[in-house]
Structures are given as structure tokens and as C-alpha cells.
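Colleague: I would like to go through the labels attached to this structure. Please set each one against its definition.

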Amino acid sequence: MIAWIVPALMSLAVAALIGLAVMRARAASAEAEDAAQDLEIYRKQLDEVEKDRARGTIPEDEAERLRAEIARRLIAADTRAAGTAAASEPTRLRPALVIGMLALLVAMPLALYARIGAPGYGDLSLRDRLSAAQERRETRPDQQEAETAAAEMTPPQAEAPPPDFEALIEKLRIAVIERPEDLQGQQLLARNEAALGNFRAAYAAQEAVLSIKAAEATADDYLAYADLMILAAGGYVSPQAENALRAALARDPENAPSRYYLGLMMRQNDRPDVAFRLWDQLLRAGPEDAPWIPAIRAQIDEVAMLAGVDYEQPLPAETLSGPTAEDIANASDMTDADRAEMIQGMVARLSDRLATQGGSAEEWARLIGAYGVLGDVTRARAIAAEAKQVFAAQPEALERIAAAEAGLPEATPEAAPDASAATPASVPDSTPDSTADTETPAAQPTPLDPATPAPEQPLPSDGGASAAPQQQAPAE
């Protein structure tokens, strides 16, 4: 109740001050009216003195003295009237003005607070908010509850599959029941049930796949299992799905789709700081055509805002800063000195950014190619060797680096390293947070928003084990 009383009293205090100002203006108006009456009296006195002088009832010197005294009083009254005229207003507007001020300063703030505020909601320290987020995560609905809620919100299927396809699926179901240890049959059933939108049956078949494979189950097998459970729950990451994601990451810590879903789980449980770190790493690592990148770009700005981070999304690989071969060719109209200075400046900026902020394999490849075009093959190969160390655990990134290195010309004796452009050997460790670190708060305390999160996006897929992204994304 005190949360309402205090703002109301503050608003009333402000309204009282404005009311006093209005009353003072009213008193000033009354004083102005008195001054106007005095002016009229003094003018009439001047006329009377002039008439008496003309009739000869008063001597000339006496008339001059009276005119001077009346004129002095007239000037004083006129000055007083001019000083109070600015503060006066029509009397009929005063009550309406006071009522309007009270309504504006009392009713509107209280109505606004009732709409966007949280009456009765006490202040929470960062530790309390983290504890509340942890409790919410531990007590969140399980897979069955989430599927029940999702079923009530899921629209009916647009069109039924062809009858012959349904018949084939039914035969497959019967065959799997008769031979539950048939690995290929369970995998086929998982994919086809997912294609039909039967995600519950699909992840049940995928669970059988995990049981058959046992210790030989791969990260992609567990990812497919988690993906199907998330789809069955309408995009919600249940505790069971989280366990499958962590099993995938235990087998492949760089599994990008699993890290995306783990960030989604943190986003759903009031930990936007952890979700932001995971998604920012994935976004910077790319590749831009990976299925999780559009989902991250659609959500990361809001997540950064909730985490208290002033954030600007990194540009896609095709718009990365840094010189290209075309940029260097366009400098042909410059003098040799100007052209060399421009190119070296562009290359140095890209090199410095990789050294201080890190970057994707595409950016490293571009830097390698730029030094190759400049003829500094020794420097280019040194950067390629450094990039191979940075992306040692990412085969796709290593392939991109190797392709850039293969395009370098043979080293010549004239090619000497440029001392002004440092090799980005001080690139910070780009290995993403381990799964054990995902529950650690951000380095600096950041506010957490208790509001309900916006609808999250599961990875686009056609469902089933075949729908789970199989491509492994490089980390930054």
C-alpha cells in the first residue's frame, strides 16, 4: 500500500505548490484592479484642478503644486498597475486550472505506474535475481507439461500426407515394433515421423536410437533428440532437452546448434547475460548461412538490451571490413606512395581488429589474401600459421584458412615483412564458454529483466534427425 501512498503524496505536494502560485496570481490580479481604480481617480483630480484654475477659485501657483503632486501619484499608480498586469489571468479560468493541474499531477502518474510499474514488487539485488532465475530454471515445466501446453496452441496440420505415404509409415511402425533393436528402422522412423509433424513419436524413436547405440552415440545423435523434443514443446527447452544438449556438448564442445539451444534455454529462464555471450560467440564465428544465424540475429538485440549491453551486431562475412583484391585494384589511379599508404592502412586496421577483438575464419582468410596481394608472402604465411592455431578444433575454419594460404604466390627474396603491421598473435582465446560456465554471471553485474521473454525461435528444420543441423559451426 505504501507504494501507492508515497507517489500520491509527492504528486499532491507538487499540486499544492502550483496551487499556491495560482492563488498568488489571483492576489496580484486584485492589486492590479486597485491600481487601475487609483489611476482613474487621479485623472479626475487633474481635471478638477484645471477647472478650478480656469474659474479663478485657486491661484496659479497653487494649481501648479497640485498638478505636480497628483501627477506623481498618477505615475506611481501606473507603475504598480504595470507590474501586476503580467501575473493576472481571467478569474473564471482559475478553478479549472487548479482542477486540471490536480488531475494531471496526481491521476496520470498513478495510472501510468499502475500500467507499467510493479506495485508491491520490492527491490532485488543482482544476487537475488540470479537466485530467482536459478529457482525458475530448476522448477520449470518438464517435457510432458510443455507438450500439453504446446498442443493447445498448435494450429492443425495444413494438409494430410498422401495415403500411400501414410501406409508406408504404418508398415514402418509395425516393423519397428517387431524389431525394436533395428537401428536403421528407428532412424527412418524418427525422420519420417518428424516430417509428418509427429514430433513426440519422432523423439521416442530417436531415444531408441540412443539406446541402441549406447556409448557409440554421437553429439549429432543427442542433438537430434533434443531438437525433436524442443519442436514437440513448441520451441521450449525442457529439462530433458537440456540434458540431451549437455550430452551433445560433452561429446563435442564446439557443437554450434547445441550451444544455440542452450542459449535459448538461458533466455527462457531469465539469464539473458549467459544467452548473449553464447549467441554473440556463435554470431561472430558464423558461417552466415548456418541455420542458427538468422534466429540469433532476430533475437540478440533484445537479449543484449535485457543483459544491459550496448551492442551492435557484427556484419555478415560478405560485408566485412578490410581490403579486397578489388579495393586494391581500384587504387591504380593513385601514385605509388599514396596507393601503398592506403592499402597498408586498410590491412593494418583489419590486423589490429583481429588482434584485439578476434574474428571469424573469413576475416583471417581475407587478411592472408590481402598480404598476398601486397606481395608480403612471408607475413601472409605467418598469419596463416597463427590462424591454424586459433581454429585448430574447427575443421571447416581450417579448410577456409588453407584455401587462402594455397592462393598465395611463392615467396620471393624481395618480399619482406612490414614492421608496421603486426601479426595478430595476441588474439584473445576464442574458445567459447564451456557448458559448465554457462551458469556463471557476466563479468560485470548486469540488470535482469523479470518480464516475460518474447517468443523464441527454434532452429528451422524439416523435423527429425535429418532436421537437426549436422554442420559444425566454428567458434570465434
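Modeller: Helices are DSSP runs of H or I with at least four residues, strands are runs of E with at least two, and both are numbered from the N terminus. By that rule the chain has 19 helices and zero strands. This is a predicted model, in which local features need pLDDT of at least 70 and side-chain atom pairs count only at pLDDT 80 or more, while totals for chains, interfaces and linings use all residues. Residues are numbered from 1 along each chain as its sequence is written, and side-chain values use heavy atoms, leaving out hydrogens and water.

Colleague: What follows helix 16?

Modeller: Gly375, with a positive phi near 90°.

Colleague: Why is Leu12 called partly exposed?

Modeller: Buried means under 20% relative accessible area, exposed means over 50%, and partly exposed lies in between (1.4 Å probe, protein chains only). Leu12 has 42% relative accessibility, so it counts as partly exposed. Leu12 sits in helix 1, residues 2-55.

Colleague: What makes helix 16 mostly covered?

Modeller: Ten of its 13 residues are buried. Among them are Trp364, Leu367 and Tyr371, but also Glu363 and Arg366.

Colleague: Which helices do the buried residues of helix 17 pack against?

Modeller: Helix 16 (361-373) and helix 18 (395-406). The buried residues of helix 17 include Val377, Ile383 and Ala387.

Colleague: What makes a set of residues a nonpolar core?

Modeller: The members are buried Ala, Val, Leu, Ile, Met, Phe, Trp, Tyr and Cys residues, joined through side-chain atoms within 4.5 Å. The largest such core has 44 residues, of which Tyr260, Trp279, Trp292 and Ile296 touch the most other members. Helix 9 gives the largest share of this core, nine residues. Apart from it lies another core of 19 residues, including Leu350 and Ala384.

Colleague: Which residues is Trp279 in contact with, leaving aside neighbours within four places in sequence?

Modeller: Contact means heavy atoms within 4.5 Å. On that basis Trp279 is in contact with Arg259, Tyr260, Gly263, Leu264, Arg267, Ile296, Gln299, Ile300 and Val303.
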